Amino acid sequence: MLKMVNKIGSFQWVITLGFLLLAAAVVSSKNHGNQANDLVDIINKNRTSKRLSLLNNSPGLACIALQYIKECRGNCSENNTVNCKPPENDFTEIFAPNCGVELPTFGTISGLIVGCQQKHLDPPEAFSRALIHSNKTLSIIHNKTHTEVGVGIVRAKSHKGAYLWCALFSSNKRNSTFVLEDLGKGIEQKEGCYSGSGVSCSLGGRNANFVFATNCVWTLVFYYLVRSRTSFF
């Protein structure tokens with residue numbers, strides 16, 4: 001009888017572990033989306049609170065923002081400031097081609113904000129601590145002439161280093177500039193993320209895909225353990 005009680009207790013432990021793993025898989029799949037899109041939402045909420053118009057989320061402009069901040073990684077100081085200014089020619093000669101932006105549609109960039117932190121920040125904190133670091137940057141966000149915005153995020157190195165954010169603004173006609181080739185797909189980016197895209201952020205740590213895959217493996221282990229334990233009853 002004691003042996004049967006121990007078996008039942010062990011089986012219950014396996015059931016509990018399985019539910020915890022399944023819950024972790026669901027949470028990780030929901031909480032690790034595209035944080036660049038979240039930042040665009042926060043920027044727009046900040047604008048509407050000042051009765052300013054919403055900005056269009058431009059994936060082409062955002063991909064260029066990602067290229068810009070990738071060029072600046074390694075330039076985040078200990079006091080979390082970005083000391084970097086790539087040449088203007090890089091926008092049309094390097095950044096846009098790397099994204100697959102159709103060059104005839106390259107428009108006017110009317111605002112630029114960059115920021116960095118030595119540790120990762122969730123979107124609300126990234127907005128208040130990395131992007132809004134002075135009255136000047138706040139005035140850029142509140143500029144009435146802006147019509148579109150794009151945000152790019154990347155980590156300095158694949159598994160360590162500072163995190164960097166870049167927000168670009170344009171004052172062109174909506175959806176007419178910074179058009180990505182291949183019906184809006186552009187060129188796939190291997191690291192970081194940018195707004196206007198449904199791709200999850202890959203910032204060099206244990207990103208959503210890694211966590212989700214790990215949890216799926218453990219869930220399969222749980223399933224086979226349950227199958228093996230059913231013979232107890």
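Predicted model: local features only at pLDDT ≥ 70, side-chain atom pairs only at ≥ 80, totals over all residues.
User: How many helices and strands does the chain have, and in what order do they run?
Analyst: Helices (H or I, at least four residues) and strands (E, at least two) are DSSP runs numbered from the N terminus. On that basis the chain has eight helices and five strands. From the N terminus on, their order is α-α-β-α-α-β-α-α-β-β-α-β-α.

User: What percentage of the contacts in the chain with a separation of 6 or more comes from residues 24 or more positions apart?
Analyst: Contact here means heavy atoms within 4.5 Å. Of the contacts in the chain with a separation of 6 or more, the share from residues 24 or more positions apart is 78%.

User: What percentage of the residues in the chain is buried?
Analyst: Buried means under 20% relative accessible area, exposed means over 50%, and partly exposed lies in between, with a 1.4 Å probe and protein chains only. The chain has 233 residues, and the buried share of them is 44%.

User: Which elements do the buried residues of α4 pack against?
Analyst: Helix α4 spans residues 89-99, and its buried residues are D90, F91, F95, A96 and C99. They lie on the same side of α4, because they cover an arc of only 140° around the axis, the arc being that of the directions from the helix axis to the C-beta atoms. The elements that these buried residues pack against are α3 (59-71), β2 (109-117) and β4 (163-170).

User: Are α3 and α4 roughly parallel or roughly perpendicular to each other?
Analyst: The axes, which are lines fitted to C-alpha atoms, for helices over the stretch in contact, with angles from 0 to 180 degrees between N-to-C directions, come within 9 Å for α3 and α4 and cross at roughly 115°. Angles under 35 degrees count as roughly parallel, over 145 as roughly antiparallel, 65 to 115 as roughly perpendicular and the rest as oblique. The relation of α3 to α4 is therefore roughly perpendicular.

User: How many nonpolar, polar and charged residues are in the contact of α3 with α4?
Analyst: From α3 the contact takes C63, I64, Q67, Y68 and E71, and from α4 it takes D90, F91, F95, A96, N98 and C99. Ala, Val, Leu, Ile, Met, Phe, Trp, Tyr, Cys and Pro count as nonpolar, Asp, Glu, Lys and Arg as charged, and the others, Gly among them, as polar. By class, the contact of α3 with α4 has seven nonpolar, two polar and two charged residues.

User: Which residues of α2 and α5 meet?
Analyst: The axes of α2 and helix α5 (residues 123-131) come within 9 Å and cross at roughly 70°, which makes the two helices roughly perpendicular. From α2 the residues are Q35, D38, L39, I42, I43 and N46, and from α5 they are P123, P124, A126, F127 and L131.

User: Is F178 buried or exposed?
Analyst: F178 is found in the loop between β4 and α7, and its phi is near 55°, a positive value in a residue other than glycine. With 2% relative accessibility, F178 counts as buried.

User: Is R51 buried or exposed?
Analyst: R51 is in the loop between α2 (35-48) and β1 (56-57), with a phi near 60°, which is positive in a residue other than glycine. At a relative accessible area of 81%, R51 is exposed.

User: How far apart in space are A36 and G152, C-alpha to C-alpha?
Analyst: A36 has its place in helix α2 and is buried, with a relative accessible area of 0%. Not counting residues up to four places away in sequence, A36 touches V151, I153, C193, Y194, S195 and C201. Although A36 and G152 are 116 residues apart in sequence, their C-alpha separation is 6.1 Å.

User: What distance separates the C-alpha atoms of C76 and Q117?
Analyst: C76 lies in the loop between α3 and α4 and is buried at a relative accessible area of 16%. Leaving out residues up to four places away in sequence, C76 touches T81, C116, Q117, Q118 and A162. C76 and Q117 are 41 residues apart along the chain, and their C-alpha atoms are separated by 7.5 Å.

Note on methods
Residues numbered from 1 in each chain as written. Heavy atoms only, no water.
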